[in-house]
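Let's take a walk through this one, going from the surface to the inside and out to a sheet. Have the viewer open and follow along.

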Amino acid sequence: MADQIPNMDYDADEVIENFKAKFKWPNKDEVEVVVKPPQLGLKILLSCLITAVIGAVGYYVMFPAMNFKTTEFYTFIIGIIVVFCAVFFLLIGARRKIERQEYAKKQAKIPMIIIAVIIAVMVVGYLTGATLFRAKSYSRLMTVESSDFAEDFAQIQYDEVPRLDAATAKILADQKLGKLDQYKSQYVVTQNSTQINYKGRPVRVAYFEYANVMKWLNNTKNGLPAYMLIDLVSQEVEPIDCMEKFGEGIKYSPTELFNEKLLRHLRFQYPTAILDTPNFEIDDNAHPYWITPTLDKKIGLFGGTDVKGVIITDALTGESKYYSIDTVKTDKNLNWIDVVYNENLVLQQYNYYGKLAGGFWNSIIFQNDVNIASNGSGNIALDDDVWVYTGITSTESDSSNFGFILCNQRTKETRYYKNGGATEYSAVESAKGAVQNYGYQAIFPILLDIEGQPTYFMSLYDDGYNIKGYALVKLDDKTVVGTGLVDVEKTDVKALNAAVENYINALKDKGMVDADADAADYQVDDKNDTAQTEEEDETEKRLTKKGEITDIKTTVNDGNTVYYLQIDGKYYYIKAADAMNVILLKKGDTVTVTYEKDADNFIPALTVE
């Protein structure tokens with residue numbers, strides 16, 4: 001009987017748990033439920049429409065180039081895909097229903113594959129243009145020819161070289177704008193002036209910018225009314241009134257906001273062009289134009305940036321015309337254009353030439369014959385073109401150059417001169433040391449040929465950015481210095497003449513030039529200094545007041561800090577930008593103030609010393 005009884009040796013709880021497991025409802029992450037959303041076609045259409053609207057707004061704001069050689073093109077496409085997926089996800093209710101999430105995930109596979117392909121193309125495009133693999137190609141972007149210093153620089157006239165750099169020209173333009181009541185409260189002078197040759201003279205042209213958004217609202221209808229023309233030799237600043245001269249203002253500029261914003265205006269005209277920074281220039285009739293270089297990538301997909309052509313845009317009407325770079329270089333009717341290759345681009349290309357000619361690893365490890373452009377660059381006028389000048393040094397932090405280059409900003413013709421010596425900033429320090437008791441600063445130097453000696457020339461200026469003199473420093477011996485100061489010589493021309501005379505005398509003292517070397521060969525005739533004479537006449541009409549400061553007050557007007565100095569009961573006021581030394585003054589100091597007209601209480605000052 002016992003043999004017929006079944007074996008009951010088991011755990012009842014285990015049996016029950018196994019039974020429950022067979023009928024247990026699965027967790028949601030263990031089930032894949034895909035439900036096709038209702039009205040799918042309509043939701044896809046709505047997703048496309050919403051994406052198109054968002055994409056159009058994004059394109060209007062960012063205006064990327066629709067060019068497969070720019071990373072912005074690919075990132076814009078990726079952005080559009082991501083926006084479509086996000087909109088579709090929300091429209092089908094995937095945020096609330098798990099079965100809709102699964103459907104959205106399945107449908108997102110194709111967009112994700114497209115994005116992955118785009119990223120892969122970008123990576124491959126970057127690698128095919130990397131300097132690691134294409135060093136030789138980068139070194140060939142620029143062709144450099146050796147040239148003779150004495151021959152090329154013989155035509156540069158000592159009295160026609162720029163005496164202002166971009167910073168000092170900007171200050172003079174600001175000071176001029178401050179005296180023009182019709183402009184000063186509405187506009188400011190841009191930081192981005194352009195050095196050009198205008199009627200045989202080196203000048204800088206600087207357009208206006210709206211002082212703020214409210215000033216833009218108040219004036220954008222008529223555009224910017226004028227621009228500044230700064231003569232770099234005479235140091236005169238002339239406002240060119242476009243409304244008066246041409247009957248309309250500058251309606252297209254970088255300072256506009258909507259359709260008249262220059263780059264957006266150009267993008268709508270040339271949707272595939274890779275646009276460089278526009279340069280503001282004028283033709284021989286003083287008509288304002290925007291010169292916008294168009295770029296190409298010549299190495300791989302994103303590497304080897306070079307200029308492909310130029311878009312010339314009438315700043316008044318917005319009319320534009322494209323010219324290939326070969327046409328710009330050869331068409332004499334376009335010779336008035338001075339800046340096509342910007343300084344950053346040509347210096348970058350020279351650095352590729354100097355570093356990578358021997359291969360990538362040589363530029364990193366062995367560094368045989370490796371050289372680069374030195375810190376800083378200037379501009380000189382030569383052959384009726386504007387050339388970028390910079391010294392050439394080793395990759396180590398040297399205090400000397402072993403040569404220098406000139407690069408034509410219209411044609412990219414590049415000349416190398418094997419004339420070594422002090423770096424530009426070493427020469428600046430040498431010039432400042434010669435007048436250290438005055439505390440003057442110096443502009444970035446320009447190279448000249450004085451008696452066959454490569455020579456740095458630079459203007460000296462005070463804290464108020466007023467030109468106070470000139471200095472000459474020998475390229476290969478920075479201890480040879482000649483200076484001339486306006487306060488000592490009384491006129492600008494006499495200071496210039498004194499500088500060259502003192503410099504040639506210093507060369508004679510060291511036996512570097514013949515004893516019969518004559519400074520008169522370089523000196524400027526006083527009769528040409530009409531601007532200085534007029535200034536002296538005006539100075540004679542000015543009034544002066546010397547006394548102790550009994551009170552100092554300040555206000556801020558249109559972004560300018562104005563100082564009010566009380567002397568003998570009257571307040572003399574001046575902007576800090578016009579006399580930087582006022583910020584150091586305190587009660588009890590004795591100063592001399594110059595002014596034109598007296599008044600009862602508040603008198604505008606011209607200078608404070």
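Start with Phe366, which is exposed, at a relative accessible area of 59%; buried here means under 20% relative accessible area, exposed over 50%, and partly exposed in between (1.4 Å probe, protein chains only). A quick word on ground rules: this is a predicted model, where local features need pLDDT of at least 70 and side-chain atom pairs count only at pLDDT 80 or more, while totals for chains, interfaces and linings use all residues. Residues are numbered from 1 along each chain as its sequence is written, and side-chain values use heavy atoms, with hydrogens and water left out.

Phe366 sits in helix α15 (helices are DSSP runs of H or I with at least four residues, strands are runs of E with at least two, numbered from the N terminus). Phe366 belongs to a nonpolar surface patch, whose members also include Ile119, Tyr126, Phe133 and Trp361, with about 1,100 Å² of accessible area together. That area comes from the Shrake-Rupley method with a 1.4 Å probe, and for residues only the protein chains shown count as cover. Patch residues have over 30% relative accessible area and no salt bridge, with nonpolar side chains (Val, Leu, Ile, Met, Phe, Trp, Tyr) joined within 5 Å and like charges within 9 Å; a salt bridge is a side-chain nitrogen of Lys or Arg within 4 Å of a carboxyl oxygen of Asp or Glu. Helices α5 (109-128), α6 (131-139) and α15 (360-366) each supply at least two of the patch residues.

Now for the inside. Strand β20 (residues 446-450) has 5 of its 5 residues buried, so it is largely enclosed by the rest of the structure. In a regular strand the side chains alternate between the two faces of the sheet. Here Ile446, Leu448 and Ile450 point one way, Leu447 and Asp449 the other way, and all are buried. β20 pairs with β21 (residues 453-461) in the antiparallel sense over 5 bridges, where pairing takes at least two DSSP bridges between the strands. Leu447 has Tyr456 of β21 as its bridge partner. The hairpin has 2 residues between the strands, and Glu451 takes a positive phi near 55° there.

Last stop: an open sheet of 6 strands with mixed pairing, in the order β24-β28-β29-β27-β26-β25. β24 (543-548) and β25 (551-557) stand at the edges with a single partner strand each, so one side of each is left without a neighbour in the sheet. For β24, pairing with β28 (residues 590-595) is antiparallel over 6 bridges, and Leu543 stands opposite Tyr595 in β28.
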